[in-house]
Amino acid sequence: PFSNQFNSGQDLKENLVYTSKICLDVSNIIESTLGPSGMDKLVIIDKDKKLITNDGATILNSLKFSNPIAKILVEISKSQDFEVGDGTTTVCLLAAELISSSKILADEGFRLKDIITNFKKAALISTHLLEKLSLRPIDKNLNSFKRLLISCCATTLNSKLISSKRHVFSEMIVDIALSVGEGFDRNLISVKTIIGGSLNDSFFFKGIGIKKPFAYAGFEKQKKKHYYPHVLLLDIELELKTEKSDSEAKINSILKYKQFIDAEWSIIYEKLDKIIQSKAKIVFSKQSIGDLATQFFSERGIFSGGRIPTDDLIKMQVGTGATILSTINEIPLFCLGKCEMVEEKQIGNERYILLSGCLTGAYTIILRGNSQKLLDETKRCLNDGIMVVNKVLKNQRIVGGAGSIELKLSSKLRQYARTLTGKEQTILGKFAQSLEIIPKILCKNSGLDQLKILSALRAEHTKSESWSGIDVENGKILDTIEKHIWEPLVIKTHAIQAATEAACSILSIDSIFSD
C-alpha cells in the first residue's frame, strides 16, 4: 500500500477509500505499541543496524514510506516527539481514526468541506475543554511538587522498555530538574551509555562526562585529577604533520633545509608556550593534539585531549563558560572556563573524563546495561521523560492518563453536540467517538473486554466528574488522579491539534496525481 502507484484523478469517494486504507495501514504498524502492555518492534534498517523500540516516532521514522499520505502521519509523529516528547503513537492513531470516521460520514452523504470545518471546530472546543478540565495540584512544599513531576514522568516511562525501572529514572530526571530550577534545559543534559553492569548501576552527576579521546604517548603520564582548573577549548591542530596539498620548495644548501625544519618546530613550540602562559590546566581540542604536544603538556602538569566530538565540546563550552578558540595568538582570561574538578575515571570497561561542578546546570547521566540495543532504547526513553518534565515545569497543569481524559472529553463533546442540530451534531458526535480509539486500543493491547470496560467508563463519565481510567493490570476501573497516573496537559493538547490538522489536510485532497 506504500508504493508510488497513486490513483490518478479518481472520484472523491474512491480517493477517500484509498486514503483511509493508507492511514489504517500506518496506524496498524504502531497500534500494538500503545500503553503499558504495548509490544516492541524490531526494525532492520540494514544488515548491520537493527532497532528494538516501541516509540511510535522512532518506528515510523525508521521505515521508508514512499506514499505522501503515509509521510504526513510520519511528520506529525515527529512533530509531537520534537515538541513534547511523548504521545507520538497517540497522535498517529487519532489522525487515522479521524480519517476513518470521515469516510463513514462521507458514505452517509456529508460533504468533506463540512466534515473538515466541524472537525476543526471540535478540536478547538476540545482544547478549551482540556484547559477547563485540567488540574494544577497544590504545591504545599517541595516534596509535593516533586511528586507531581515524578508522577508525570513515571506515567510516560510506564509504556516504555524501562517501565520496571520507571520510578528510579523518574526520580533521577526530577532531581536534575529541581537542581537546575527555572533554567532547566534538556540540551544541558548528556546521556552516555556504557556496556556492562545493569540498569540499576546507572547514575548521574553535576557536570560533563566525555569518553577518553584518542591519545598519543605521554598521555598516561599526565596528572589525572585537577581541582578548580582553568579550561581551554580549541579548534586547532597541535601537531607536526605533512601538508594537506602537494607542495615543493627548492633549496641550495643543507643550512636552508635546517631552517625549514627549525621553522616548523618553532611554530608548534610558540603555540604550546602561549597555552602555558594562559595558566590553563585543562586543554581540549576538536582537532588532534599530537605526541609532541601531549608530552609537552604532561611534563608541565597539564591534562589534554584531542579529537573531541563537536557535541561534547559545545556542552563543555556551555557548562564551563569557556570560549572555543580557533587561534591562540592571544588567550584572554575571560575565554577560559572553570569547574570544580576534572578527573579521569574508569567506568566499566571504559575510561571517562569527568568535569564536575560546572558553572551552569550541566548534568550527565551514565547508563549501564548488558547490550547496546538496550542502552540505545533506554536513552530514547529518558529523552521522552526529560521532555515531559521540562514541559511540566513550564506549565504545571495535568490531566488523568490511562484513557480517562479521552473518555471525559468524548463525554463532554457528546453533551455539547446534543445542543446542536443537523450535520453539526452528527459530525461532532463522530469526532467524540474517534477520541475513544485510545482507551479502545489500551484495552485491546492489555487483553481486556473492550465492550465491558468502555461501557462502564462511559457510564462513569456521563453521570459524574470522575477521572476514571483503565487499570490494565487488574482489568478494572481506577481513579487516575488518586493513583497518580498523570499526564501533562500540553501532550494531549498538542496531540489533538496535530492529529486534527493532519486529518483535515489529508481530507482536503480530492485527487492524487503522479508523473
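What volume does the largest pocket have? About 860 Å³. A pocket here is an open set of points on a 1 Å grid over the protein atoms alone, with protein on both sides within 12 Å along at least five of seven lines. Grid points are joined across faces, edges and corners, and the volume is the space filled by probe spheres set on the points.

This is a predicted model, in which local features need pLDDT of at least 70 and side-chain atom pairs count only at pLDDT 80 or more, while totals for chains, interfaces and linings use all residues. Residues are numbered from 1 along each chain as its sequence is written, and side-chain values use heavy atoms, with hydrogens and water left out.

Start with the whole chain. Its C-alpha atoms fill a box of roughly 100 × 65 × 40 Å along the principal axes. The chain has 16 helices and 16 strands. These are DSSP runs numbered from the N terminus: helices are H or I with at least four residues, strands E with at least two. Of the 515 residues, 51% count as buried. Buried means under 20% relative accessible area, with a 1.4 Å probe and protein chains only.

Now return to the pocket. Its lining holds 41 residues; Pro36, Thr155, Asn158, Ala402 and Ile485 lie nearest its centre. Lining residues have an atom within 4 Å of a point. By class, 13 are nonpolar, 17 polar and eleven charged. Nonpolar covers Ala, Val, Leu, Ile, Met, Phe, Trp, Tyr, Cys and Pro; charged covers Asp, Glu, Lys and Arg; the others, Gly among them, are polar. H6 gives the largest share of this lining, six residues.

Helix H6 runs over residues 142-157. Its 16 residues reach 22 Å from first C-alpha to last, close to the 22 Å expected at 1.5 Å a residue. The expected span is 1.5 Å times one less than the number of residues. Buried residues of H6 include Phe145, Leu148, Leu149 and Thr155. Their cover includes helix H7 (166-180), helix H11 (372-394), strand S13 (398-400) and strand S16 (486-488).

H4 also supplies at least two residues of the pocket lining. Of its 20 residues, 16 are buried, so H4 is largely enclosed by the rest of the structure. Gly109 follows H4, with a positive phi near 105 degrees.

A cavity is a set of grid points where a 1.4 Å probe fits but cannot get out. The structure holds three of 30 Å³ or more. Helices H4 (88-107), H12 (404-417) and H16 (489-507) each supply at least two residues of its lining. Among the lining residues are Thr90, Leu94, Leu409 and Ile496. The lining divides into seven nonpolar, one polar and two charged residues.

H16 also matters for the core. A nonpolar core is a set of buried Ala, Val, Leu, Ile, Met, Phe, Trp, Tyr and Cys residues joined through side-chain atoms within 4.5 Å. The largest has 102 residues, and Phe119 and Phe431 have the most contacts inside it. H16 contributes the largest share of this core, eleven residues. Apart from it lies another core of 19 residues, among them Leu272 and Phe297.

At 13% relative accessibility, Thr493 counts as buried. Neighbours within four places aside, Thr493 is in contact with Thr127 and Leu130; contact means heavy atoms within 4.5 Å.

Notes: Buried < 20%, exposed > 50% of the residue type's maximum accessible area, 1.4 Å probe, protein only.
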